[in-house]
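Let me set it out here and then jot down what I looked up.

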Amino acid sequence: MSQASKRVAATGFAAHPRAATLVQNCLSGSIEFDFLEPPLDREMLFDLQALIIGPAFDFKSDLYASDINDASQKGVNVVVLGPSCGSGSPAWQKLTGVEAVTSKPAGEWFFKIQDFPPLTARLSNEFVAVGQLTALELRDDAKALLTTSIAFRDHITAAIRRLPSSSVCTFGFNPTSDHLSRDLEALIRRAAMTGANTKAGPSSLGVGIIGYGAFGGMGSYHAAAVSAVPGLHLAAVVDNDPLRRDAAAMEFPSVKAYRSADELALDDAVDICIVATPPVSHAELSMALLDAGKHVISEKPMCLTLREANRLIAKAKERDRMLSVNQNRRWDRDFRSVAKAVSDGKVGNLFNIETFVGGFEHPCRAWHSEESVSGGAVFDWGSHHVDQIVQLYGGAPAKVSASQHKRVWHDVTNVDQIRVHMLLEDGREAEFFQSDIAAIRKPKYFIQGTIGTIVGHYRPIVEETVSLPFGYEEHEHHYAEAPAELRLARYESERGLALETIPLASQQRFAFHRNIANHLLLGEPLAVTPESVATVIATLEAAQLSSSTDSQYVKLSEVEC
């Protein structure tokens, strides 16, 4: 059986739903996997890529120890999860290379990650998780993977045995909370998927940025992200403006500066190209760079039509190159909190999503407000907000209607206001509303389900200072940059409405770029697939068509592909 066709099996998770959820989160989208209960077939074990053994497994019995040991010697990765893992029979202790020292009840524990590439690449130095804990003692050739401080002393709480063609990784931890650490998920996924695979490959990928946009522009942002993520390094920038090339050389003295994308395409030191030019050029540049054999990241929007999106996806597959889009707002703290509340069932069955962005102020006078360059107002913030709507619903609308106004700002060509209404096949609906003529801001989010409603209010930030000789000064940051304040109201029978504040998710700086490195260097799933973005492009294109045809509904199936 080829490696590509192999699967992962998990066993020993009965009556441990949170541990089972942890495994599901780890492997979702990575590979075919399923949960098995004993008896375990020996021949089946040898056909696996990995076997994950849960806390309900009987480690006191040697029944399967020999078969699993033989499978690990033949290249099957073994991941053991649970507080009883180190207190099993001598055969299990020999297989795992650990012995239990002490067990602790469920609590909050801080785990320090030991440097063990590639398993630990681009993970936090420390993460927190809630669950039962077992401290481990190493035997034979096992190495520490995680340590936890207990009574001011570091104890080993995860270990790994690296075999010639696989590994055995043991975690002395059983989660008891629904709040699971992404670092723990990554470690378990990598132990199952990568194991001892340390085949020679690039340790770092060269990145070229087209459209530098120095000092706070998206090019500068990408340069900072690339420089901060291990496994990526900035190799070159492209800009037709010599001042911007000079700015890049000043900020990053070692990078090459080119005048055209054609020059960049010929640079063998560049593995990934980031297209950070105005939207009207995204499709053409991305197509040319894919054709040149480069992995491509496009700024949003990926393109302006569904036909362009499908051509780009086909080209990426033809050239066997990665294509992704910087939909960085998927990692916004408020959106991730909303998505978790929805997935946890806090609002019941979701049926209406409304998002808003805007205010009453003069639009920017750069290319963003020129329709022939930007694609139109809906392609700006709409690329993010419609993407979030699609993510929350888990699919595209069936039809779209849009209305627009051009009434105040006549020095720019983008419309002053656009409202996009989306209907799904089953009647659920959503609205994206963007306005530069809204003197009172609507909430960023208004989300309804069958048992509750979420509202998210913008939170503008004003910095105030008093100094000599200037006296009082204030600086107001862009209103959309701070996470929204989120409130949830739920209906409870005989009590009425219960109100609560939704806490913000933790910050995940440069998460998009970390995923790119993990995808290309470790084979982890791509977080932003071009197929998921093509759905957004089709919706935005349908909105453009509707707004030019008296707001008639346009079916996505009728958008030309």
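**Entry 1: the whole chain.** I started by noting that this is a predicted model. I then looked up the secondary structure of the protein chain and found 15 helices and 27 strands. Next I checked the radius of gyration: it is 26 Å, close to the 24 Å that the globule rule gives for 561 residues, so the chain is as compact as a globular protein of that length. I also took the extent of the C-alpha trace, which is about 80 × 70 × 65 Å along the principal axes.

Entry 2: How much of the protein chain is buried? I got 53% of the 561 residues. For the accessible surface I have about 25500 Å², with 50% of it belonging to carbon and sulfur atoms. I looked at contacts too: among those between residues at least 6 apart in sequence, 71% join residues at least 24 apart. For charge, I have 53 positive and 68 negative, and their mean positions are 4 Å apart.

**Entry 3: helix 10.** I picked helix 10, residues 306-319, and checked its length. Its 14 residues should span 20 Å at 1.5 Å a residue, and the end C-alpha atoms are 20 Å apart, which agrees. Which of its residues are buried? My list reads L306, A309, L312, I313, K315 and A316, and I was glad to have the lysine written down with the others. A reminder to myself: an α-helix has 3.6 residues a turn, so residues three or four places apart point the same way. I then looked up what the buried residues of helix 10 pack against, and found helix 9 (282-291), strand 16 (323-325) and helix 15 (530-547).

**Entry 4: F171.** F171 lies in strand 9, residues 167-171. Is F171 buried or exposed? Its relative accessible area is 1%, and the cut-off for buried is under 20%, so F171 counts as buried. I also noted I160, 11 residues from F171 along the chain, with 8.9 Å between the two C-alpha atoms.

Technical notes:
Residues numbered from 1 in each chain as written. Predicted model: local features only at pLDDT ≥ 70, side-chain atom pairs only at ≥ 80, totals over all residues. Heavy atoms only, no water. Helix = DSSP H or I, 4+ residues; strand = E, 2+ residues; numbered from the N terminus. Rg over C-alpha atoms; globule rule 2.2 N^0.38 Å. Buried < 20%, exposed > 50% of the residue type's maximum accessible area, 1.4 Å probe, protein only. Contact = heavy atoms within 4.5 Å. Areas by Shrake-Rupley, 256 points an atom, 1.4 Å probe, with all protein chains shown as cover. Lys, Arg positive; Asp, Glu negative; His and termini not counted. Charge placed at Lys NZ, Arg CZ, Asp CG, Glu CD. Expected span 1.5 Å × (residues − 1).
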